[in-house]
Amino acid sequence: LWQQPGLAADVEAGGYWLPGSPTGRRETLITSPISARILHLTQLPGDGWLPFIAAFATAGFFLLLTVKMLMLAALCGITAVVAIIMWLWQSDRAAAVPSVQIGEHVVVPVGARGAEKHAWWAMVVLLIVDGTIFASFVFAHIHVSMRAVVCPPPGAALPAAHWQFLAAALLIAGSAAAYHARRRLESPAAVSLLIGAAMACVCGAFAAQWYGHLQAGLAPTTSAWSATVGAMLSYQGLHVVVLLIMGGYTIVRALSGLLQERASATIDSTTLMWHYVTVQGIVFSALVNLLPLWMD
């Protein structure tokens, strides 16, 4: 079985050989969630210290924040991100064979596409959790706004509408670019260009949102209303940073020839996150600007 055409080259590119496995690499079976029906076989990263370093540094980041050791916490955070990226670099590799035999008369495909991937569903679960966190900010803002005698309260003001429209347009353009990048996997240059354009759009959108609120005199320390606006704006900014990391990682993988139709978990996850950030940014702008009008 290991002598299948192209398999030796694939294993050599992977950097290790695991005797006893159909593909020669570390692997596991993916099953359906309820009936446990075998869906496909997926290849996993090899042995190494990177997962341990990532876990240790992540724990150190949160623990050190509780005792206000900010510099060490930041160092642990950076170490964790670097270790995770290096670990993930070994994953999502296209196999040299489309299917393998795992038992008598049992043949399963190697890898999956789109929503069939467990990585796709993992990102969906992550975004559900992410959305609940943002929903808590939304609830806090609505509660504070409805408790205020006047909304916005004295000393606070709404940003100019044109900045919010510009931000929404850029967010939608960024999502469109990421969507089309997913459809151009055969061209690494096109993927890189489109993801780069999406990164520019999301940065421009956040700049428009931030500048609009800055011009309106946003001061989160002056009132609860401003604090909730500042929290949502900061949360959106955090997601922009995440997209820049994911976008840069996707571009590097594309230029390295590691984005293919049968190895697309990276760009699938990136695209899902991009669409979520677009929706989140538009909801944020609409909520802040339209809620006072609805209350009037």
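At what angle do α6 and α8 pack, and how far apart are their axes? The legends below take that up along with a few other spots. This is a predicted model, so local features need pLDDT of at least 70 and side-chain atom pairs count only at pLDDT 80 or more, while totals for chains, interfaces and linings use all residues. Residues are numbered from 1 along each chain as its sequence is written, and side-chain values use heavy atoms, with hydrogens and water left out.

**View 1. Helix α6 alongside helix α8.** The two helices pack at an angle of about 20°, and their axes are 12 Å apart. That makes α6 roughly parallel to α8. (Helices are DSSP runs of H or I with at least four residues, strands are runs of E with at least two, and both are numbered from the N terminus. Axes are lines fitted to C-alpha atoms, for helices over the stretch in contact, with angles from 0 to 180 degrees between N-to-C directions. Under 35 degrees counts as roughly parallel, over 145 as roughly antiparallel, 65 to 115 as roughly perpendicular, and the rest as oblique.) The crossing is left-handed, meaning that the near helix is turned anticlockwise from the far one by less than a right angle. On the α6 side, look for V191, I195, A198, M199, V202, Q209 and H213; on the α8 side, the contact is made by I267, W274, V277, G281, F284, S285 and V288. Sorted by type, the residues here are 10 nonpolar, four polar and no charged. (Ala, Val, Leu, Ile, Met, Phe, Trp, Tyr, Cys and Pro count as nonpolar, Asp, Glu, Lys and Arg as charged, and the others, Gly among them, as polar.)

**View 2. Helix α5 against helix α6.** Here the axes of α5 (residues 161-182) and α6 (residues 188-215) come within 8 Å and cross at roughly 165°. That makes the pair roughly antiparallel. This crossing, too, is left-handed. Residues of α5 that meet α6 include W163, L170, G174 and A181, and their α6 counterparts include V191, A198, G204 and G212. The residues of this contact divide into 18 nonpolar, six polar and no charged.

**View 3. A181 in α5.** A181 sits in helix α5. Its relative accessibility is 0%, so A181 counts as buried (under 20% relative accessible area is buried, over 50% exposed, and in between partly exposed, using a 1.4 Å probe and protein chains only). Leaving aside neighbours within four places in sequence, A181 is in contact with V191, L194, I195 and I267 (contact means heavy atoms within 4.5 Å).

**View 4. The largest nonpolar core.** This core has 41 residues, and V191 and M273 touch the most other members (a nonpolar core is a set of buried Ala, Val, Leu, Ile, Met, Phe, Trp, Tyr and Cys residues joined through side-chain atoms within 4.5 Å). Helices α4 (118-147), α5, α6, α7 (224-255) and α8 (265-295) each supply at least two of its residues. Not counting residues up to four places away in sequence, M273 touches M123, L126, L127, D130, H239, V242, L243 and M246. Apart from this core lies another, of six residues, including A95, V97, V108 and V110.

**View 5. T250 in α7.** T250 is found in helix α7, and at 0% relative accessibility it counts as buried. Beyond residues up to four places away in sequence, T250 touches I195, L259, T266, I267 and T270.

**View 6. K117 in a loop.** K117 lies in the loop between β4 (106-109) and α4. Despite being a lysine, K117 is buried, with a relative accessible area of 9%. Residues up to four places away in sequence aside, K117 touches D92, A112, R262, S264, A265 and D268.

View 7. The peptide bond from C151 to P152 is cis, with omega near 0°, and P152 is in the loop between α4 and α5. A36, in the loop between β1 (27-31) and β2 (38-43), has phi near 60°, a positive value in a residue other than glycine. A36 is partly exposed, with a relative accessible area of 49%. K68 lies in the loop between α2 (50-66) and α3 (70-88), and its phi is likewise near 60°. At 71% relative accessibility, K68 counts as exposed.
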